[in-house]
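Welcome! Here is a friendly briefing to read alongside the sequence and the 3D view.

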Amino acid sequence: MASFASSSTKIYCNKILSDIFDHGKDEPYFGKVKINEKVKKNLALKLVSNVANQLPVIVLPPDEVVKKEKKLAAWTSVRQERWEGELVVEGDLPLWLNGTYLRNGPGQWHIGNYNFRHLFDGYATLVRLHFENGRLIMGHRQIESEAYKAAKHNNKICYREFSEVPKPDNFISYIGDMAKLLSGASLTDNANTGVVKLGDGRVVCLTETIKGSIVIDPNTLDTIGKFEFSDSLGGLIHSAHPIVTESEFWTLIPDLINPGYLVVRMEQGTNERKYIGRVSCRGGPAAGWVHSFPVTEHYIIVPEMPLRYCAQNLLKAEPTPLYKFEWHPHSKGFMHVMCKASGNIVASVEVPLFVTFHFINAYEEKDEDGRVSAVIADCCEHSADTTILDKLRLENLRSFNGEDVLPDARVGRFRIPLDGSPYGELEAALNPNEHGRGMDMCSFNPSYLGKKYRYAYACGAKRPCNFPNTLTKIDLFEKKAKNWYDEGAVPSEPFFVPRPGATEEDDGVVISMISDKNGEGYALILDGSTFEEIARAKFPYGLPYGLHGCWVPKK
């Protein structure tokens with residue numbers, strides 16, 4: 001039986017390879033890459049290896065089906081729960097690039113026949129790109145959260161997602177759900193937002209609910225279990241983007257009862273958060289949404305956005321245009337600066353209204369005498385336009401008709417004076433037309449965390465569009481941008497990996513995963529300095545759009 005299975009597998013793999021490579025030419029092609037017989041044989045062996053390891057082999061649909069279904073895969077659920085295999089690389093990967101890029105994000109937007117509403121609702125799909133000695137192995141797998149497992153088992157939503165709530169069977173179950181909401185039991189643990197490598201090597205997937213902190217194996221993508229905090233600080237939600245270094249982990253815990261934020265720090269190698277200080281909100285009626293925040297060498301910057309949490313919206317069965325938030329422009333916007341060492345607030349200033357998901361970086365500005373006079377904080381700012389949230393409904397993303405509907409965005413630069421002034425400044429760090437008035441999903445050289453920096457990498461726009469569709473390198477000194485664009489494609493976050501031993505800030509590579517207009521996808525590697533393509537590798541099929549990633553260097 002084993003021999004028969006092995007023989008059948010080889011015949012099956014050769015049939016797939018024949019379908020791929022037989023184009024009536026002497027030398028077949030895979031995408032844009034010429035394939036010789038040696039490579040063809042190696043690919044066959046890899047397919048056989050995948051079967052032997054009980055990983056699914058990709059069954060390519062007939063040509064007529066492929067032609068009929070060629071559409072953007074970014075907003076469609078992942079085809080299958082897991083896959084792994086080596087990719088054919090076009091171009092040359094740097095030999096110093098040895099490690100694993102992990103990208104997390106929502107990848108399954110349906111259960112049974114029910115389709116989810118919003119980009120942020122999807123169950124988490126983790127994608128792995130492993131680089132070693134010029135080779136590239138790709139894999140993806142669903143994160144085994146309780147929310148995902150319950151949905152699969154019951155064929156329905158069982159926990160509260162970003163815009164989705166479980167449908168109660170009757171009034172009694174509705175009351176029970178309200179009680180679970182107040183205790184946090186009904187909140188999702190669907191860790192579909194980010195992934196970080198802690199200083200002790202553990203890799204944790206995150207979302208805004210504290211219970212949605214899940215440890216995974218970066219080599220196999222196995223779900224290991226919950227990341228349980230060992231302290232008594234409690235809380236239901238925290239920033240989805242903690243600040244993580246080799247020695248520490250900082251995050252903010254919004255206080256939904258007495259509006260404010262706890263600033264906490266966790267030493268690497270522990271699970272214990274320690275209280276550093278508290279920021280009380282200056283506006284109301286609730287704490288502002290704090291998806292991310294920046295730090296400098298000596299300070300934590302706590303943003304208070306007038307887009308505020310709303311308990312009433314959270315209780316509603318059907319979402320409002322702002323979902324679990326409300327826009328309170330009369331409550332104003334504020335930026336607070338806390339000393340890392342003492343927990344004292346050294347500045348609290350009113351700033352112009354702003355809307356941001358993602359801060360980029362921050363640093364301390366010094367006067368002529370070398371004293372810190374202000375804090376500079378950069379973010380992807382959506383021109384105080386809250387409609388960006390509703391633009392991310394899947395119905396909107398899937399129905400682009402050529403109209404330019406993406407709200408404007410810019411690199412918003414806050415200047416927060418430390419001399420007791422009541423007001424801070426907010427302006428564009430460069431002309432937004434440099435990057436098409438689109439700006440989100442940012443990264444920079446991690447060696448410059450909290451320090452003055454020159455370069456940032458992000459997703460920009462080539463208009464008209466309904467979603468960021470370019471990759472852009474921002475030069476904050478020259479106030480210029482370089483842009484990469486593939487017509488009809490949707491790129492995910494450009495992640496910068498510095499070259500070991502580099503002395504220049506932009507000496508490294510930028511990694512992104514692309515959903516192209518033909519329903520396919522590929523990994524893209526750009527030179528961090530020139531921003532020119534140096535390599536790409538086609539995926540076996542198009543993957544859904546992903547959010548944020550991290551780099552796990554080879555040990």
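**A first look**

Arg 273 and Asp 231 join their side chains in a salt bridge, with N and O 2.8 Å apart; the term stands for a side-chain nitrogen of Lys or Arg within 4 Å of a carboxyl oxygen of Asp or Glu. Arg 273 sits in strand E18 (residues 273-280) and Asp 231 in the loop between strand E14 (223-226) and strand E15 (243-244), so the pair ties together parts that are 42 residues apart in sequence. This is a predicted model, in which local features need pLDDT of at least 70 and side-chain atom pairs count only at pLDDT 80 or more, while totals for chains, interfaces and linings use all residues. Residues are numbered from 1 along each chain as its sequence is written, and side-chain values use heavy atoms, leaving out hydrogens and water.

**The chain as a whole**

- The protein chain has 8 helices and 37 strands, where helices (H or I, at least four residues) and strands (E, at least two) are DSSP runs numbered from the N terminus.
- Of the 555 residues in the protein chain, 54% are buried; buried means under 20% relative accessible area, exposed over 50%, and partly exposed in between (1.4 Å probe, protein chains only).
- Taking contacts between residues at least 6 apart in sequence, 62% link residues at least 24 apart, a contact being heavy atoms within 4.5 Å.
- The protein chain exposes about 24200 Å², and carbon and sulfur atoms supply 50% of that area; accessible areas come from the Shrake-Rupley method with a 1.4 Å probe, and for residues only the protein chains shown count as cover.

- The structure holds 34 salt bridges.
- Both Arg 273 and Asp 231, the pair we began with, are buried.
- Glu 381 pairs with Arg 410 in a salt bridge, their closest N and O atoms being 2.9 Å apart.
- Glu 381 lies in strand E25 (residues 372-381) and Arg 410 in strand E26 (residues 410-417), so this pair ties together parts that are 29 residues apart in sequence.
- Glu 381 is buried, with a relative accessible area of 0%.
- Helix H4 (residues 146-154) contains both Glu 146 and Lys 149, which are 3 residues apart, about one turn of the helix.
- Glu 146 is partly exposed at 37% relative accessibility, and Lys 149 is partly exposed at 35%.

**Around Phe 229**

- Phe 229 belongs to the loop between E14 and E15 and is buried, with a relative accessible area of 14%.
- Phe 229 and Glu 272 are 43 residues apart in sequence, and their C-alpha atoms are 5.7 Å apart in space.
- Leaving aside residues up to four places away in sequence, Phe 229 touches Ile 210, Ser 213, His 238, Met 266, Asn 271 and Arg 273.

**Spaces inside**

- The whole structure has 5 cavities of 30 Å³ or more.
- The largest cavity has a volume of about 120 Å³.
- Among the 15 residues lining the largest cavity, Phe 162, Ser 163, Val 165, Asn 313 and Lys 316 are the closest to its centre.
- A cavity here is a set of points, on a 1 Å grid over the protein atoms alone, where a 1.4 Å probe fits but cannot get out, and lining residues have an atom within 4 Å of a point.
- Grid points are joined across faces, edges and corners, and a volume is the space filled by probe spheres set on the points.

Technical notes
1 Å grid on protein atoms, 1.4 Å probe; cavity = no way out; pocket = protein on both sides within 12 Å on 5 of 7 lines; lining within 4 Å.
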